[in-house]
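I opened the model and kept short notes on what I looked up. The entries follow in the order I made them.

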Amino acid sequence: MLAAIGVGSVQELFDRQIPESVRLRRALDLPAGLPEQEVYAHLRELAARNVSAEDELCFIGAGMYDHYVPALIDMLMERSEFLTPYTPYQPEISQGGLQVMFEYQTAISELTGLPVANASVYDGPSAVAAAAYLAKLHNGRARIVASAGLHPHTLQTLRTYAHGYGAEVIEVPLRDGCTDLDAWTDAVDAQTSAAIFAQPNFYGAVEDARVLSAAAKSQADPVVIAQVDPIVLGVLAAPGECGVDVAVGEGQPLGNRLDYGGPSFGFFAAREEYLRRMPGRIAGETRDVDGRRGFVLTLQTREQHIRREKATSNICTSQALNALGGVVYLAWLGRRGIVELGELLLARTHYARETLVGLEGVEQLHRGPVIREFALRLTGLDGEAPLDVAAIKRRCAERGVNPGADLHALTGREADRGGLLVALTERRDRADIDRLVEVLGDAVAAERGAQSVAHTPAGRSGQVVSV
Amino acid sequence: MSAPVSVEQPQEEPVLTIFERGAPGRRAFQCPALDVPAVDPAELLGELRRVEPPRLPELSEPEIVRHYVRLSKRNFDLDSGFYPLGSCTMKHNPRLHERVAALPGHSRLHPLQDPERAQGALELMWNLQGALAEIAGLPHVCLQPSAGSHGELAGVLLTRAYHEDRGETRHRVLAPDTAHGTNPATVTMAGLQVVKLATNHDGGIDLDDLRAKADTDVACLMLTNPNTLGVFDPNIEEIARIVHGVGATLYYDGANLNAVMGISRPGDMGFDIVHFNLHKSFTQPHGGGGPGSGPIAVSERIAPYLPVPVIVRREEGGADGDANGAKPQPRFDLDYDRAKSIGRLRGFQGNYGCFVRSYAYICSLGAEGLRDASETAVLNANYLLARLREYDVGGGRTAGDLLPLAYGELCMHEFVLSGGPMKRELQIKTLDLAKRLLDFGYHPPTVYFPLLVEEALMVEPTETETKETLDSFAEAIAAILREAAADPEVARQAPYGTPVRRLDEVAAAKQPVIRQTLD
């Protein structure tokens, strides 16, 4: 090979192209390579030091959920033909992947009740930030009104992006667990580019999507964006029917693994008028020269490789493999399955909430309807002081139960102290819920006891105790 | 025995989507039994209840499996054949990575699990960060960005934060005209303006143009090195001096890192911020367009602004161990308390599943293996280039005459050919050559990029291809050129043997049909 090139050594290839002063004249400071079986053993050992949903009773959600992933998804996602190609730049040899995108777009469009969907973006929070950018491109305004009911990661991501593209984020508070309608209506004005809420919101509450959309539209004409949990869209009104312009969300509940947070996919659907400003890949149907039905990447004049600095987004990744998992999952669930699953989640969630709030020191954070997740407040003996949720979680973990997410740790909001966010999936049955009730009940009782010891009578009466 | 003279040709099967298959009432999913008191959705949700369920398909499991397995067979993939797609680094994806990523301890780990109970995952991420830092020659790494372009966005936002923290507002970002389209698109999304830099006759940055445009309004220069022409810019240190001289940062687009792992480090070249493409250099499978992962490495001065959370390592029991002399156990945690951070770029900690695969890759190769990978990638590219040059394609011409190297003599891990002479002499375009390659069983190289090369053809063979594959590919190109010399129409009408032939992309864009119509 060297002779064919006309050089004496591989080193010569580098010597002739890279200045000596920027060559690394030592070995990288990394361990030596290992045979396959030893790499496997190392990665297995690391896996063994994680407590996964396989190892404990997991009621933690807050954006990603331990749903059952049917075996056919593993099989299809591991097929070489889906796993190893690049973006379908050559449609003649990429019809499989392109048709999957087309089917996926159809499924997302059906779920959200909106006519157009792209082939997916990175994840839920970044999808919201991308949707707000679309709004800014659409109406040229630079104020984003965002409900405090959005996932805290969404709000944080939105602020990071908005600072970049030059928009201000105004957060609208909640009232009794849902977006405060008066504050929401007041916040939207002629400068508002987008009005964004979550459905159900981060605290599990079902928002009145119709009222929020209409209220925003009555003030000015912002782009109404909803971040939606797709798994409940069999029972919950489609965003498109509620006046929402752009519906986005985290696709992980649809046939994707937890994977400690990714990769999964973000879905992105909109009304027709936003089609040419959408970010990301879009597959479209067409014909070949012989009249055969076929699919291509379309509307590429939106994209960075054509439009460069004038592109509607810098994104060139669709989460194609994860979106495959999503559409196969939706086909597997089917038209009736998505309703049945939603109704099961609804029933179990209400059973869990009602049973848990029967415990001493456990109350619901809000009264509104919930579908698959709900927020609790854990309080001390006085019924007021919040309990230390981290300590409660540690007590539960010792008994193999992960009771949910620590709300205050996620939001940093004072009102969320003592807050616990509990999520249900079809994998948690009644016996599991009863076990949660028992273990959380014991943990709360124990923590209340510990708290009362810490708060000595002297301390409570406010006396200064000198030692 | 020969076939009968006249055989019945089976009708081509119509292309149906999953929404056009199945029948009402069919199903794959069996819902777990209702084991708690029923809740009436209508009563609970009132008007917020969905009345018409989404019109999802209705099929049995065998129908679903057959549909998607058949679809898969209409895809070309890296496991089936050579995929020299320039700038995309289509190297082999070891199957071990899928196996370890699927271990429940990784795949069913909830992203909000208490760090105390996710020590294996955090240690893996810590180790991966360390390895990437060493490869980049920069001290700090953040794994969060989801793709190269996401890493770029992080990088430009970091640059802005760095300047703003010093009380400076800078508006412009320099990028060569050879840059990936994501660079200018990212700059716009980050609220800055891109300014194009000219390319000199060697394929590197025109230093005079750089000197003329570098001023104190420049926030950053974004550069790929080796660049998209396959050229390592020999003036990189001077470029760094000029950029740093006006107080700007130097950003490294890591799309082409596969050329220099263990050989030359961006940090040593003077770069402040680097993004990696784990789906290119570090074998995360491309999945038909994603998922990817785009970690970034930065210098000390950029580190305070890194996205949150940041992984931290704490030694317990002090550096000398506890009273019994036991070795101290490091504990890993997620740190959110970073006053100057640009914030979050997405949910949770990033595409951990990709981290597992790329970490397994780095463990397999080790220091020497990574260097060897880059050496072989560069060797393979130069060998393929040499083979193409020497092929006689008739009429006293070689393939190299018709498809000359756009810049330079040698190349790094990829090379860019110009199809200009081929177009003029054989009357076939780069697109035709690419489409004809499909009939020969190859994925074509990247075409029509970079934009400043006429009829560009960007070839990246990668290190995991054999000499035999490279020889066969060179032979296929030569065969197509010989064929075109005899009759250009063959290539112009190609392909012939693919599931579909050339598709009407104009019609697709003019009247977009982007979802299945349902009754």
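**Entry 1: a sheet in chain B**

I am working with a predicted model. I looked up a sheet in chain B and found three strands in an open sheet, ordered 12-14-13, with antiparallel pairing. I then asked why one side of strand 12 and of strand 13 is left without a neighbour in the sheet. Strand 12 (415-418) and strand 13 (446-447) of chain B stand at the edges and have a single partner strand each, so one side of each has no neighbour there.

Next I checked how strand 12 of chain B is joined to strand 14 (residues 456-459) of chain B. I noted four bridges between these antiparallel strands. I also noted that Ser418(B) stands opposite Ala456(B), which belongs to strand 14 of chain B.

**Entry 2: the domains of chain A**

I looked up how chain A is divided and wrote down domain 1 (71-330) and domain 2 (336-451). The centres of these two domains of chain A, taken over C-alpha atoms, are separated by 30 Å. For the contact between them, I noted 14 residues of domain 1 of chain A and 21 residues of domain 2 of chain A.

**Entry 3: chain B against chain A**

How many residues of chain B are in contact with chain A? I found 164 residues of chain B in contact with 167 residues of chain A. Helix 11 (residues 352-390) of chain B gives the most to the side of chain B that touches chain A, namely 22 residues. By class, I recorded 88 nonpolar, 41 polar and 35 charged residues on that side of chain B.

Definitions and conventions:
Residues are numbered from 1 along each chain as its sequence is written. Chains are lettered from A and ligands numbered from 1 in the order in which they are written. This is a predicted model: local features need pLDDT of at least 70, side-chain atom pairs count only at pLDDT 80 or more; totals for chains, interfaces and linings use all residues. Two residues are in contact if their C-beta atoms, placed from the backbone, lie within 7 Å. Helices (H or I, at least four residues) and strands (E, at least two) are DSSP runs, numbered from the N terminus. Ala, Val, Leu, Ile, Met, Phe, Trp, Tyr, Cys and Pro count as nonpolar, Asp, Glu, Lys and Arg as charged, and the others, Gly among them, as polar. Two strands pair if DSSP finds at least two bridges between them. Domain bounds come from an automatic or database domain assignment.
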